[in-house]
Amino acid sequence: MKKIVNKVEDIVIEMCEGMVKAHPEQLSFNKKYKIITRKKLNTNKVTLISGGGSGHEPAHGGFVGKGMLDAAVCGDVFASPSTIQIYNAITKTESDKGTLLIIKNYSGDCMNFDGAAEMAEDDGIMVEKVYVNDDVAVKDSLYTIGRRGVAGTVLVHKIAGAAAAKGLNLLEVKNSAEKAIENVRSIGFAFTSCTVPAKGTPTFTIGDDEMEFGVGIHGEPGIAREKILSADELSEKMLERIIADLPYETGDDVALLVNGFGSTPLQELYLLNNSVSKILENKNIKIYKTFVGNYMTAIDMSGASISLMKLDKELKEMLDYPSDTPAFKI
Amino acid sequence: MKKIVNKVEDIVIEMCEGMVKAHPEQLSFNKKYKIITRKKLNTNKVTLISGGGSGHEPAHGGFVGKGMLDAAVCGDVFASPSTIQIYNAITKTESDKGTLLIIKNYSGDCMNFDGAAEMAEDDGIMVEKVYVNDDVAVKDSLYTIGRRGVAGTVLVHKIAGAAAAKGLNLLEVKNSAEKAIENVRSIGFAFTSCTVPAKGTPTFTIGDDEMEFGVGIHGEPGIAREKILSADELSEKMLERIIADLPYETGDDVALLVNGFGSTPLQELYLLNNSVSKILENKNIKIYKTFVGNYMTAIDMSGASISLMKLDKELKEMLDYPSDTPAFKI
Amino acid sequence: MVEIESLKKWIELYGEKVTENKEHLNQLDSDIGDGDHGSNLTRGAAAVKEKVSESDYDNLSDFFKDVGMTLVSKVGGASGPLYGSAFISMAKQAKESDDLAALLEAGLDGIQKRGKAEAGEKTMVDEWIPVVAALKENKLTDEVIEDSLQKTKDMKATKGRASYLGDRSIGHIDPGAQSSAYLFKSLLEAGAVNG
Amino acid sequence: MVEIESLKKWIELYGEKVTENKEHLNQLDSDIGDGDHGSNLTRGAAAVKEKVSESDYDNLSDFFKDVGMTLVSKVGGASGPLYGSAFISMAKQAKESDDLAALLEAGLDGIQKRGKAEAGEKTMVDEWIPVVAALKENKLTDEVIEDSLQKTKDMKATKGRASYLGDRSIGHIDPGAQSSAYLFKSLLEAGAVNG
Ligand SMILES: Nc1ncnc2c1ncn2[C@@H]1O[C@H](COP(=O)(O)OP(=O)(O)O)[C@@H](O)[C@H]1O
Ligand SMILES: Nc1ncnc2c1ncn2[C@@H]1O[C@H](COP(=O)(O)OP(=O)(O)O)[C@@H](O)[C@H]1O
Ligand SMILES: [Mg+2]
Ligand SMILES: [Mg+2]
Ligand SMILES: [Mg+2]
Ligand SMILES: [Mg+2]
C-alpha cells in the first residue's frame with residue numbers, strides 16, 4: 001500500500017484537520033467526535049447534517065459551508081460514524097428550526113443515524129431524516145434494504161442546502177430533499193479496486209482488461225465483471241440504465257454529475273463528459289448544468305459514476321442558488 | 001492501460017470538448033488549433049495565454065476565465081503545442097493592450113512559444129513572455145536550460161490574471177508575473193509513474209516501497225529513487241529544500257499549494273496539507289491562503305507537490321482578487 | 001447461573017479472537033461487503049478492553065452495559081450498533097435473571113430490533129438463532145456454531161451491504177456470522193456454558 | 001548534385017523508420033525524458049506524408065519547405081520546431097545550391113539557431129555535427145552514424161528535458177540523436193549520398 005500517511009489509525013483525524021486547515025475561515029473541527037462544522041453556525045435556519053464513513057473525500061466535509069451542509073460527521077474509513085458521534089453533531093448544531101439528516105441508504109448509516117435521531121428527539125430537538133438511494137445498479141425491492149446512496153447525494157446536499165439557506169422550515173426543507181432524491185439516479189463502474197488503509201491490500205483483484213460494472217463507492221463488487229469498453233460504449237451502457245429507470249424523457253432538463261472515484265484523472269472525466277453529453281444531446285435530454293470532478297470517491301478507486309437529476313423550475317432555482325463550500329461553489 | 005478513452009489519437013480533442021461542454025457559459029474551443037478561450041474576450045485588457053502539453057488537467061484549460069487566463073493552447077499529451085497553434089492563439093485573442101505568454105520553462109515550450117511570439121510580432125502584435133521555473137528539484141545553472149516550471153505556474157496565472165483584470169498595462173502585468181515567479185518554489189514526489197496514452201505502458205517502473213523524489217510533471221525521473229517516507233517525514237524533506245532555496249524566513253507570509261499529480265486522492269492531499277501546515281507553523285512561516293487539490297497533474301501519476309509563494313501586500317491583493325474559472329475560484 | 005468472572009473472560013476471549021482473525025474477517029467482508037468488518041470489531045475490542053479495565057464490576061448488568069455503550073460509541077458501521085444493541089439488551093435482561101440462554105435471547109432480540117433481519121437473510125442473525133435455540137436445550141457445541149456458520153454460505157443476502165450483490169452474494173460466508181461464531185466459541189472456551 | 005526523387009525517397013524512408021521504431025524511441029525518451037519522442041515523430045511523419053502526397057514538387061526548396069512547415073505546425077514538443085527549423089533552413093539553402101553537404105549544414109544551422117545546443121550537450125546536434133563533417137569529406141557511412149549515436153550515451157545532458165536529470169542522464173542514448181540517426185541512415189538507403 002502506497003499512501004501519503006503517518007499512522008493508519010490517525011488517517012481520519014489528520015485528514016479532517018488538513019481539510020479544516022485549508023479552509024480556516026469556513027470550517028471548524030471537533031476532534032473528539034470527528035465532526036466538521038461551519039465556523040459560524042446560523043441558528044435561524046434548518047440545520048443540515050450529513051456524513052458517513054470516511055474515504056469519500058471531498059464528501060462530506062467538503063460540502064460544509066454556505067448554501068449546503070452545516071455539519072459532516074466523519075466515521076472511520078467506510079464505517080458509518082457511531083450513533084454517539086452523530087448524536088453529538090445534532091446537539092452541537094441545534095437551531096431554532098430543527099435538523100435534517102441526509103443519510104445514504106446503508107444498513108450501518110441508517111442504524112446509527114436513526115439511533116442518534118431518537119436520542120436527540122428525546123432531548124427535545126426536532127429531527128427529520130431523508131435517505132438517499134440513487135444507485136440504479138442495485139435492484140430496488142421491498143424485500144431488501146433497497147438501493148444504496150452514491151454520488152447523487154451531493155446534488156441532494158445542494159438542493160436541501162438551498163432550501164435551508166432560503167429560510168424554509170424543517171418540513172419544507174425535507175420535502176425539497178425528498179424531491180431531489182426522487183429525481184436523481186446514478187450508476188458507476190470501476191477499473192481498479194480501492195485499498196482500505198486498515199486492510200492495506202486491494203478489496204478486489206481484477207484483470208487488466210476487466211472492469212466492475214455497477215460498482216458502489218466502497219469497493220463492493222458491482223452487478224457484473226465485464227470487459228472494459230470504450231468511453232462511448234460505457235456512456236451508452238450507463239445512460240441506458242439510468243434513463244430507463246426514472247425514466248428521463250425527451251425534452252427533460254437535467255443536471256449532470258460526472259463523478260470520479262478518487263484516482264481517476266480529470267482528463268478522463270472530461271473525456272467521459274464529452275461522450276455522455278453527446279448521447280444526451282442525441283436523445284434530446286437537455287443538460288441544464290454539468291459538474292465534472294471527484295465529488296464522492298471510494299478512496300483511491302479508479303472509475304467513475306454518472307448521475308442525472310431531473311429538474312423542474314423549483315429544482316433549477318435551488319441548484320442555481322449560491323453555495324460556497326470547499327468542494328462545491330456555485 | 002486502463003483509461004476512459006475512445007481512440008488514443010482523439011484524447012486531447014475529446015477531453016477539451018468535454019471540458020468546454022461542462023462550462024458552456026465560460027469557455028469556447030477552437031478544434032483546429034486546440035485552443036480553449038474565454039467565451040467573451042475583453043479587448044480592453046492584456047491578453048494572457050498559457051498552455052503546454054496536455055496531460056496536466058485541469059491545467060491549463062481549467063484556468064481560463066474571469067481573473068485568470070484568456071486562452072490555453074493544448075498540445076498533444078506531454079508535447080508542447082506547435083508554433084502554429086500558439087501563433088493562432090495569439091492572433092485570435094489580440095487585444096488593444098498586448099499579449100503576455102506564460103510559459104513553463106521546457107525546451108519544447110520555449111522554442112514553440114518563442115517562435116510563435118516572433119511570428120505574431122511580425123504581424124504587429126505586442127507580445128511579452130515570462131518563463132516559470134519553480135521546481136527546486138532541478139539545479140539552476142547558467143550552463144543548462146535551468147529549472148522547469150511545475151505547479152507554481154498556477155499561482156503565476158492567478159497573479160498575472162489579477163494584474164490583467166485590474167487593467168494594468170502589458171509591462172506592468174509582465175512585472176507582476178515575474179514577481180510571482182521570483183517568489184514561488186515547488187518540489188514533488190511520485191509513488192507511481194504515469195502512463196502516456198500513446199505509449200500505453202508506464203514511463204518508469206518502481207518498487208512497492210519506493211518513491212521518486214524531486215519528480216517533474218511528465219513522469220521524468222527525479223533527483224533520486226528512495227524508500228517511501230511517512231507524510232510528516234516527506235513534508236519535512238520537501239519543505240527543507242523549498243525553504244532553503246528562496247529562502248523563506250520566519251515571519252514570512254506565504255500561499256501554500258498542495259497539488260496532486262492526477263491519481264492522488266483528496267484524502268491523502270488533505271493529510272499531506274496537515275503535515276505541511278504543522279511544520280510551517282513551527283517555523284513561524286505564516287500561511288495566508290491554502291489550496292489543496294489536483295491542479296497541475298501528470299496524467300494519472302500518484303504523488304504530489306508542494307509550492308510556496310512568498311507574499312507581500314501587493315501579491316496578497318492579487319491573490320485575493322476574484323477569479324472564476326472551472327478549476328480556480330476565489 | 002452464570003458467573004460474572006466467566007463472562008468477563010468471555011468478552012476478553014472474544015476480543016482476542018476478532019483481533020487475531022482481523023484479516024480473515026476483512027477478507028470475508030471484501031468478498032461481499034466493504035472489507036472492514038475485522039477492522040471495525042478490532043477497534044471495538046480495543047475500546048471495550050480499555051473501558052472495562054477501568055472498573056471492577058460486581059454486577060453483570062453494569063458490565064454488559066459498558067460493553068454495549070462502548071460498541072455503540074466507538075464502532076459505527078453496521079456491526080457497532082448491532083453488537084452494541086445486543087449487549088445493551090443483555091444488560092437489561094441481566095437485571096431480571098442470570099440464565100445464559102435468556103440473556104443471549106435478549107441479545108438476539110436487541111439485534112433484530114435494531115437491524116430488522118429475520119432468519120435466512122444472511123446476517124449475524126443466522127448465527128445467533130440456532131445458537132440461542134441450542135443453548136435453551138443445553139446443547140450448544142462447536143458443531144452447532146460451525147454448522148450454522150457454514151449455512152450462511154448458500155444464502156442470498158437481503159439485509160446489510162451484501163444485499164446489493166443479489167445473487168453474487170451466494171457462495172460466501174457472512175462476515176458478521178463469522179464474528180458471531182467467534183463470540184460463541186469464546187463463550188464455550190470461557191466455560192460460561194453450563195458453568 | 002542531388003536529385004529531388006532521391007530526397008523524396010529519403011523523407012519517405014525516414015517516416016517509415018521512425019514509425020517502425022516508435023516504441024524504441026519512446027522507450028529511450030522514457031529513460032531520460034517524457035516518453036513521447038517516438039509518438040511525436042510518428043505523428044509528424046504521418047502529417048508530412050499526407051502533405052507531400054498532395055503536390056508534385058519540381059523544386060527542392062518547395063519540398064523542404066512543406067516538410068518543415070508541416071513539422072512546425074503539427075508536431076510541437078522540442079522535436080517539432082527543431083526538425084522543422086532544419087528543413088526550413090534547408091529549403092532556403094536549396095535555392096542557392098543543391099550540394100547535399102551544404103544543405104545538411106544549413107539544416108544543422110537551423111537546429112542550432114532554434115535550440116542553442118552545442119556539441120556535447122547530449123542532443124540531436126551530437127548526431128548532426130559528425131554526419132555533416134563526414135558528408136563534407138564524402139565519407140558518410142553507417143559507422144559514422146552509429147558511432148556518434150553511441151557517443152551520446154556517456155554525455156551528461158545540459159539541453160532539453162534530459163538536462164533536469166543531471167548526472168542521471170549519463171548512460172542513456174539520446175532519443176533525438178537516435179531519430180537523427182534514422183534520418184541519416186535513410187539518406188544512405190535512399191541513395192541520395194553521392195547519387
Ligand atoms: N440489518 C442487519 N441485521 C443483522 N445483521 C446485519 C444487518 N446489516 C448488516 N449486518 C451484519 O453486519 C455485518 C457487516 O458488518 P460491518 O462490515 O462491520 O459493517 P458495514 O457493513 O457497515 O461495513 C454483516 O456481515 C452482517 O452480518
Ligand atoms: N535545445 C535543443 N537543441 C537540440 N536538440 C534538442 C534540444 N532540446 C531537446 N532536443 C532534442 O529533442 C529530443 C526530445 O524530443 P521530444 O521528446 O520529441 O520533445 P520533448 O522533450 O518536448 O518531449 C531530445 O532527445 C534532444 O535530442
Ligand atoms: Mg463498512
Ligand atoms: Mg514531450
Ligand atoms: Mg463492512
Ligand atoms: Mg519527449
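Tutor: We shall take the metal sites, then a surface patch.
This is a predicted model in which local features need pLDDT of at least 70, side-chain atom pairs count only at pLDDT 80 or more, and totals for chains, interfaces and linings use all residues. Residues are numbered from 1 along each chain, chains are lettered from A and ligands numbered from 1 in the order written, and side-chain values use heavy atoms, without hydrogens and water.

Student: Which protein donors does the magnesium ion (ligand 4) have?

Tutor: Donors are N, O and S atoms within 2.8 Å of the metal (3.2 Å for Na, K and Ca); water is not among the atoms, so sites may look incomplete. Here they are B:Phe78 (O), D:Asp34 (OD) and D:Asp36 (OD), at 2.1 to 2.2 Å. The pair B:Phe78 and D:Asp34 crosses between chains, from the loop between β4 (71–77) and α2 (83–92) of chain B to the loop between α2 (22–32) and α3 (37–54) of chain D; helices (H or I, at least four residues) and strands (E, at least two) are DSSP runs, numbered from the N terminus.

Student: Which residue coordinates both the magnesium ion (ligand 4) and the magnesium ion (ligand 6)?

Tutor: D:Asp34 does, and the two ions are 3.4 Å apart.

Student: Is D:Asp34 buried or exposed?

Tutor: Buried means under 20% relative accessible area, exposed over 50%, partly exposed in between (1.4 Å probe, protein chains only). D:Asp34 is buried, at 2%, and B:Phe78 is buried, at 2%.

Student: Which residues form the negative surface patch?

Tutor: Patches join residues with over 30% relative accessible area and no salt bridge, like charges within 9 Å and nonpolar side chains within 5 Å. A salt bridge is a side-chain nitrogen of Lys or Arg within 4 Å of a carboxyl oxygen of Asp or Glu. The members are A:Glu94, A:Asp96, A:Glu121, A:Asp122 and A:Asp123. A:Glu121 lies in helix α3 (residues 107–122) of chain A and is partly exposed, at 40% relative accessibility.

Terms used
Accessible areas come from the Shrake-Rupley method with a 1.4 Å probe; for residues, only the protein chains shown count as cover. Lys and Arg count as positive and Asp and Glu as negative; His and the chain ends are not counted. The place of a charge is taken as NZ of Lys, CZ of Arg, CG of Asp or CD of Glu.
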